[in-house]
Amino acid sequence: MSTRDRELRFTHRHLLGIEGLYPFELTDILDRAERYAALNRQRAAIEPLLEGRTVINLFFENSTRTRTSFERAAKRLGADVINMSVATSSIKKGETLIDTAVTLNAMHPDVLVVRHGDSGAVELLSQKVNCAVLNAGDGTHEHPTQALLDALTIRRRKGSITGLVVAICGDILHSRVARSNIHLLSAMGAQVRLVAPSTLLPSNMGILGAEVYHDMREGLKDVDVVMMLRLQKERMEGAYLPSQREYFHFYGLDYDKLSYAKEDALIMHPGPMNRGVEIDSDVADDIERSAIQEQVEMGVAARMACLEVVTANLEDWRKENGL
Amino acid sequence: MSLKPQGRVVYVNARLLDPATGLDVMGGVLTENEKIVDFGAGYAKADGEYGDVSVVDCEGACLCPGLVDIRVQLREPGEEHKGTLKIAGVAATSGGITSMVCLPNTTPVIDDMSVVEFVARRARMLGLTKVYPYGAITKGLEGKDMAEMGMLSESGAVAFTDGVHAVSSAKVMRKALAYARNYDLLLVQHPEEPSLAAGGDMNSGDLAIRMGLTGIPAVAEVIMVARDVRLAEDTGGRLHFGHISTAESIDIIRRAKERGVKVTCDTAPPYFSLNELAVGEYRTFAKLSPPLRSEEDRQAIIQGLKDGVIDVVASDHAPEDEDSKRLPFAQAAFGGVGLETLLSITLELYHNGHMSLLDCLKTVTCGPADIVGLPAGRLEKGASADLCIFDPDRGWKIDADQLASKSKNSPFDGRLAQGRCLRTVIDGRTVFEL
């Protein structure tokens, strides 16, 4: 490895969020992911970089998609994977997050993939363990691997992220996907717009480095990418929005609103979709423009790249600390 | 601890500071048993002829009335694993506090005379910092039915509050203010509209957005302050707001005072020495109620103290054990310990040039004593010999692990402070010496 390579790579033991990462660190992960994406598509053999390693998927919130994606990624790299979900753990018996971390740490895992319902919980857990920690979503804070797979999808379709105009639409206030994407896309030189009613998009969200729009047609004007977010059912019934149909009328993505975007605008959604709530079925299934299936595919590649880099960095960290 | 009378003791060679009278002179204090007998410039010399009296040489340090802290949570009875009267007493004396008023949010709640008497008796037996309880405004702090404020007052409750709960119903608050007026009782409100604060973790604003935490907007405090000022005006009742944290609340209180409404307020050291950035990296020790606010709010609090709109600085001592704080931010308990750091952090107002030393001390001595009507906070012949001897310049590092408090949840952990209590005297007995 040349000196230059050493300098321009992702060097952290954990991946807890996108905020604060340099573009070259993100590019390092994306380049590796790009390679895995191609190999996965060819069903090619992959060097088992994680052979003999243990990856624990620790999910305090239910998630089939993300957990399966991480499991697939880890197994592709040859790791032993243990899935722990809240229902079968002692969390419900009153064990604290830190007790859980200490207990799991004693099993000498190499990577903990953690999802938790509270912002900052994954960071707290990472302070108590000797392995690498990947944030698979913490509260309404960050979901870094989702942003990386989104970026990978965009890069493959559009060639580059720099200079693109990306609109993120929906429940931005409660979205960790939105936060990670805003950080990543703006770090990579895209212009980010946020589109939502003001109850789901306080005006100061612009401080994250994006423009705020409350009119969807205005917000979608000439954009290259439309990224829709999932709207939680409990937010549609009066607390944040008067009704599902009013939301769809003003903020649901249909062909009329989409016509304001560039003709070749890419449609994305982190899933699972609420068809007819935030996105019209026809638009979601538009083979020409929807990248929603590809996002799932890229999820495995992006997570393989994340597992690869944190495991390599963990080795360095263990050597430095004599572990 | 010995509760024996101490005979005659003279504290000499001190910079006497009495905020109530503006006295600031080199001198000393003569005590006999539990009372102050005399004080003044006549006791300045360390090697003076004082006769058959024990002499304590203050070596030029400041001597002021013992501090009075009107917002303390004690956790006894009910949650002794977080804090007890004894531990709070030790912590308070090490911070120069000689009288403190405790919130009624114990288990059982201080809404019954037997609990008032229990707390008072336990504290008296310890012989440490004097403890005066607040009574509850409503039974069980439930915000519905009034507690027996008249009888609680007769048995020793100095004022009334629902503690960390706001009396949220305007109707209940209006009735309580009107009823309290019968006996000229003071009500203390935690000004926070619960429906706006519910589920919140920290101040609403840019940082909450960035961290993905739920905000508690400043307006939650502001509308409760505005509402209660009007209710106090309407009923003629006496009202005090605890731990004011926002610029706009101060404006409302300023205007109310100008109109002659019987309203006073306090703030706590975190609100003029820290801002919301302290919760960065999800530091749960900085999770306070009300939440640490913006830098503009912090500066407005300092201005409010300078102008005298804010009458008092109280510690807002709220011990929480590790199990309540070593959690994801949203799950962690609110509150920080503050007895040991009240004097040092308040002295920052003096060191930073915002207030004179006397004005600064007034907010923690006669200021609070006058509001709740305690016979404390003054250098007076015949008054209890409750004294704080401190070095305003002594530097130290606040280390949570070194604090006397059982719970270590100080928002000031790691901070370098200037000014420290050297000796605390209660009823003529030295109860703390550095």
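Leu67(B) has Ile97(B) of E7(B) as its bridge partner. In this predicted model, local features need pLDDT of at least 70 and side-chain atom pairs count only at pLDDT 80 or more, while totals for chains, interfaces and linings use all residues. Residues are numbered from 1 along each chain as its sequence is written, chains are lettered from A and ligands numbered from 1 in the order in which they are written, and side-chain values use heavy atoms, leaving out hydrogens and water.

**Sheet**
- E6(B) and strand E7 (residues 97-102) of chain B run parallel and are joined by 4 bridges; strands (E, at least two residues) and helices (H or I, at least four) are DSSP runs, numbered from the N terminus.
- The open sheet has 3 strands in the order E6-E7-E8 (chain B), with parallel pairing; two strands pair if DSSP finds at least two bridges between them.
- Strand E6 (67-72) and strand E8 (130-133) of chain B each have a single partner strand, so one side of each lacks a neighbour in the sheet.

**Helix packing**
- Helix H4 (residues 170-182) and helix H7 (residues 218-235), both of chain B, pack with their axes 9 Å apart and at an angle of about 40°; axes are lines fitted to C-alpha atoms, for helices over the stretch in contact, and angles run from 0 to 180 degrees between N-to-C directions.
- Residues in contact (heavy atoms within 4.5 Å) include Leu177(B) of H4(B) and Leu231(B) of H7(B).
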